[in-house]
Amino acid sequence: MIHTKTHGKHGDYAIEATGLIKRFKSGRAFVEVLKGVDFDARHGDLTMVMGPSGSGKSTLMHCLAGLDRLTSGQAFI
């Protein structure tokens with residue numbers, strides 16, 4: 001579930017997410033791409049998401065942007 005807030009002041013949370021889980025079905029099994037991820041970014045700060053290929057960076061961004069639905073967890077934007 002994603003909630004929206006008005007623009008904040010420097011240092012206020014721009015994005016705050018807790019316990020994000022995203023699973024995809026692959027054949028008979030499920031692949032858990034995001035496993036209880038907590039993430040935050042603040043207004044005025046530079047925030048980078050880094051990791052190896054296949055680690056879930058794009059999935060995280062898609063879920064935070066509302067382009068993909070989370071399996072579980074909450075994101076406040």
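The following questions and answers walk through a predicted model of one protein chain.

In this predicted model, local features need pLDDT of at least 70 and side-chain atom pairs count only at pLDDT 80 or more, while totals for chains, interfaces and linings use all residues. Residues are numbered from 1 along each chain as its sequence is written, and side-chain values use heavy atoms, with hydrogens and water left out.

User: In what order do the elements of the protein chain run from the N terminus on?
Analyst: Helices (H or I, at least four residues) and strands (E, at least two) are taken here as DSSP runs, numbered from the N terminus. On that basis the protein chain holds one helix and four strands. Its C-alpha atoms fill a box of roughly 45 × 25 × 20 Å along the principal axes. Read from the N terminus on, the order of the elements is β-β-β-α-β.

User: What percentage of the residues in the protein chain is buried?
Analyst: A residue is called buried under 20% relative accessible area, exposed over 50% and partly exposed in between, with a 1.4 Å probe and protein chains only. The chain has 77 residues, and the buried share of them is 18%.

User: Among contacts between residues at least 6 apart in sequence, what percentage joins residues at least 24 apart?
Analyst: A contact means heavy atoms within 4.5 Å. Among contacts in the protein chain between residues at least 6 apart in sequence, the share that joins residues at least 24 apart is 62%.

User: How many salt bridges does a search of the whole structure find?
Analyst: Lys and Arg count as positive and Asp and Glu as negative, with His and the chain ends not counted, and the place of a charge is NZ of Lys, CZ of Arg, CG of Asp or CD of Glu. The protein chain has 10 positive and 7 negative side chains, and the centres of the two sets lie 11 Å apart. A salt bridge requires a side-chain nitrogen of Lys or Arg within 4 Å of a carboxyl oxygen of Asp or Glu, and the number found in the whole structure is two.

User: Which parts of the chain does the salt bridge of Asp 68 and Lys 22 tie together, and how many residues apart in sequence are they?
Analyst: The side chains of Asp 68 and Lys 22 meet in a salt bridge at 3.4 Å, N to O. Because Asp 68 lies in the loop between helix H1 (57-65) and strand S4 (72-76), whereas Lys 22 lies in strand S2 (residues 13-26), the pair ties together parts of the chain whose separation in sequence is 46 residues.

User: Which residues does Thr 59 touch?
Analyst: Thr 59 is found in helix H1, and at 14% relative accessibility this residue counts as buried. Not counting residues up to four places away in sequence, Thr 59 touches Lys 22, Phe 24, Val 33 and Leu 34.

User: Which residues make the nonpolar surface patch of about 430 Å²?
Analyst: Patch residues have over 30% relative accessible area and no salt bridge, with like charges joined within 9 Å and nonpolar side chains (Val, Leu, Ile, Met, Phe, Trp, Tyr) within 5 Å. One member lies in the loop between strand S3 (29-42) and H1 and is exposed, with a relative accessible area of 73%. That member is Leu 46, and the patch as a whole is made by Leu 46, Met 48 and Met 50.

User: What distance separates the C-alpha atoms of Tyr 13 and Asp 40?
Analyst: Tyr 13 is found in strand S2 and is partly exposed, with a relative accessible area of 32%. Not counting residues up to four places away in sequence, Tyr 13 touches Asp 40, Ala 41, Arg 42 and His 43. Tyr 13 and Asp 40 are 27 residues apart along the chain, and the separation of their C-alpha atoms is 6.9 Å.

Key: Areas by Shrake-Rupley, 256 points an atom, 1.4 Å probe, with all protein chains shown as cover.
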